[in-house]
Amino acid sequence: MKISDKLNQAHSSTRPPPATFSFEFFVPKTSQGVQNLYDRMDRMYDLNPIFIDITWNAGGRSSSLTNEMVYTAQSTLGLETCMHLTCTNMKVELIDEALKKAYKSGCQNILALRGDPPLDGSESTGDFKYAIDLIKYIRKNYGNHFNIGVAAYPEGHPEEEDATKTLQYLKEKCDSGADFIITQMFYDVDNFISWCEKLRKIGIDIPIIPGIMPISTYAAFIRRANWSEIKIPQHFLDALEPIKEDDFLVRDKGTDLVSEMCLKLINSGYVNHLHFYTMNLEKATVMCLEKLNLVEAIKSHEIVGTTELPWRKSLHPERSKESIRPIFWQNRKYSYISRTATWDEFPNGRWGDSRSPAFGDIDLCASELLRQSPKRAFELWGTPQTLKELSEIIISYLRGNLKSLPWSDGAVGDDTRVIVDNLIELNRHGFFTMNSQPALNAIKSSDKTFGWGPKNGYVYQKQYLEFFCHKDYICNLLNKIDAFNSKQGDSTSAIISYYVVDKDGNLSSNCQDEDINAVTWGVFPGEEILQPTIVEKTSFLAWKDEVYRLFSEWSKVINSHLVEADEEKVKGFTSLMSTFSNDYILCNLVNNDFIDNNYTLFNIIRDLNVKELV
Ligand code: FAD
């Protein structure tokens with residue numbers, strides 16, 4: 001969606017939100033930096049930014065990475081994205097390539113920039129001279145597909161001394177088709193307000209979005225201000241200079257100063273949206289937002305309710321109708337998006353007919369699959385030597401002490417809290433949990449932890465439990481489930497349904513091949529019942545391949561990091577992974593009685609009387 005439309009929608013509703021905000025991220029230098037940044041962007045999604053933007057390196061260095069990040073932000077993270085595009089030293093073919101890739105990713109917002117000239121003082125050899133040339137080119141060749149933003153400088157641009165000329169050039173950029181303005185960072189609010197007055201007077205009437213640079217350390221604050229050639233108001237210096245050696249105090253005081261500045265901007269009437277230069281960091285920006293109480297205010301606001309679906313909806317145009325996903329990839333959105341990227345159609349409303357016949361191969365290398373570099377994988381999870389050590393890693397994750405696992409992209413969700421003690425107990429007894437969800441019965445769609453979908457609806461879930469069980473206990477487990485089901489009477493539809501499969505694909509199940517079990521659904525006023533999460537056989541088998549592969553890839557990744565890891569430990573770990581893959585069976589259980597409590601599945605496993613791991 002276009003930024004202008006999003007801003008309009010947000011601010012023209014019957015009860016306009018306090019002030020909306022967005023975040024700028026720059027392209028990191030290393031691939032691990034990119035993965036880490038995705039995790040950060042993923043977390044910052046929960047703050048409800050209206051959009052995020054990704055910078056472009058002038059001259060097109062690492063341009064493909066900008067495009068790739070725009071694709072991931074849109075498709076996998078579901079973040080409305082604005083792509084920066086500079087035109088200095090850029091041939092028109094490169095500009096076209098970048099715009100086409102953005103277009104294909106569903107990105108509808110471009111910040112059209114000139115970029116800084118080459119550092120060696122040489123003349124640009126590109127096909128464009130100023131940002132205005134790029135704006136005209138985009139409008140001519142792409143019509144109104146893109147919303148175009150332009151850069152502006154409330155305190156002037158270093159290359160132009162005449163402020164009237166700078167204003168005139170900005171007006172020309174706006175008249176050529178710009179839809180919004182994002183400013184250079186600044187701290188002098190009075191100057192900004194009088195600059196806005198001038199813009200409005202000369203007929204610039206598009207949204208003016210102030211660029212806000214939070215203060216994290218004194219040195220960075222001074223360096224950035226000097227580099228951008230902006231004025232630092234005396235009261236900033238008076239407050240920060242005496243505490244400049246203490247980063248914590250600087251960040252606290254900086255938060256006060258920047259928040260006061262934001263309040264003044266909002267109260268000026270020229271601003272209803274703040275754009276934060278995050279510098280790829282989270283803390284300082286979040287502190288400002290919290291100080292301004294914007295996160296809570298936006299969350300409780302009627303137009304930004306809960307998420308549309310229980311999983312993150314992709315903004316890729318081809319996936320726009322996707323409304324169903326298998327539960328197995330609940331914690332692995334990157335691999336799910338990647339392996340279904342080539343589907344012609346995405347399931348919508350019903351899983352069966354519109355589903356592509358096959359899940360694509362996982363076209364991801366080991367560290368992409370694990371989403372960690374070898375070094376980081378080693379730091380995070382070490383080299384477990386025994387089943388007990390493996391279970392301790394999972395327990396640490398469930399307790400919130402580890403932010404990811406080889407098979408879980410992010411931290412454990414709040415919704416797991418209801419069953420976390422039982423999950424920990426299972427792991428202690430050698431049932432290695434992979435994924436789960438508690439049962440829910442008619443929880444309000446606005447509920448902060450479990451809610452999703454339109455207002456005034458109710459959401460439901462069946463309890464789901466996925467884990468690895470030693471092959472010696474499988475028979476007993478299935479007998480217990482069968483006995484439980486027979487006790488409940490109806491032999492045609494089992495209360496507890498299951499699929500268990502080993503590495504080679506030997507499958508047992510009490511479901512029919514064509515069964516599709518909706519394990520999450522929602523009932524909303526004036527709408528058909530939505531059933532966005534399912535369990536079924538074909539996708540489970542594809543998931544089985546992925547999850548067993550994860551163990552061998554984990555082992556490979558650690559083997560490639562022998563520098564720090566001790567050779568004996570690496571051997572022990574490799575052997576653990578190999579026996580684990582051979583001896584452990586992937587199981588999933590669904591308790592179809594969603595008004596039952598959350599203990600039935602755990603009790604059945606507890607009844608196997610398996611000893612605690614030692
Ligand atoms: P322009 O609007 O083309 O202006 C450049 C200079 O030329 C100015 O001095 C202007 O006054 C002058 N000028 C404009 N039109 C004319 C004309 N017709 N005749 C004579 N002079 C003229 N840089 C990056 O490399 N990557 C990024 O991702 C990036 N993101 C940015 C985001 C924001 C919000 C801002 C404010 C800046 C960003 N920059 C980025 C920096 C930016 O590229 C530089 O500041 C650059 O020097 C100017 O870009 P511009 O788009 O404002 O250029």
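The structure is a predicted model: local features need a pLDDT of at least 70, side-chain atom pairs count only at pLDDT 80 or more, and totals for chains, interfaces and linings use all residues. Residues are numbered from 1 along each chain as its sequence is written, and side-chain values use heavy atoms, with hydrogens and water left out.

Start with the overall layout. The protein is divided into domain 1 (3-300) and domain 2 (324-350 + 366-606). These bounds come from an automatic or database domain assignment. The contact between them takes 11 residues from domain 1 and 11 residues from domain 2. Contact here means heavy atoms within 4.5 Å. Taken over C-alpha atoms, the centres of domain 1 and domain 2 are separated by 39 Å.

Now look at the charged side chains. A salt bridge is a side-chain nitrogen of Lys or Arg within 4 Å of a carboxyl oxygen of Asp or Glu. How many salt bridges does a search of the whole structure find? The count is 31.

One of them joins D39 and R371, with the closest N and O atoms 2.8 Å apart. This pair links distant parts of the chain. D39 sits in helix α2 (residues 31-45), while R371 sits in the loop between α14 (366-370) and α15 (374-381). The two are 332 residues apart. Helices (H or I, at least four residues) and strands (E, at least two) are DSSP runs, numbered from the N terminus.

Is R371 buried or exposed? R371 has a relative accessible area of 3%, so it is buried. Buried means under 20% relative accessible area, exposed means over 50%, and partly exposed lies in between (1.4 Å probe, protein chains only). D39 is buried too. R371 has another feature: its phi is positive, about 60 degrees, although it is not a glycine.

R332 lies in the loop between β9 (325-326) and α13 (333-339), and E546 lies in helix α19 (residues 537-559). They are 214 residues apart. R332 counts as buried because its relative accessibility is 1%. E546 has a relative accessible area of 0%, so E546 is buried as well.

E322 and R319 form another salt bridge, with the closest N and O atoms 2.9 Å apart. Both residues are buried. Salt bridges can also join up: R40, R43 and E282 are linked in a network of them.

Picture a 1 Å grid over the protein atoms alone: a cavity is a set of points where a 1.4 Å probe fits but cannot get out, and lining residues have an atom within 4 Å of a point. Grid points are joined across faces, edges and corners, and a volume is the space filled by probe spheres set on the points. There are 4 cavities of 30 Å³ or more.

Next, visit a strand. L111 is found in strand β4 (residues 109-113). Its relative accessible area is 5%, so L111 is buried. Which residues does L111 touch, not counting residues up to four places away in sequence? They are C82, M83, H84, L85, G149, V150, A151, F180 and I182. L111 and A178 are 67 residues apart in sequence, and 9.1 Å apart in space, C-alpha to C-alpha.

A helix comes next. In α17 (residues 420-428), the residues V420, N422, L423, I424, L426 and N427 are buried. These buried residues pack against α16 (387-398), β10 (432-437), β13 (463-470) and α21 (600-606). α17 is followed by G430, whose phi is positive, near 85 degrees.

Finally, consider N89. N89 is found in the loop between β3 (81-86) and α4 (92-104). Its phi is near 60 degrees, a positive value in a residue other than glycine. N89 is partly exposed because its relative accessible area is 26%.

Methods
1 Å grid on protein atoms, 1.4 Å probe; cavity = no way out; pocket = protein on both sides within 12 Å on 5 of 7 lines; lining within 4 Å.
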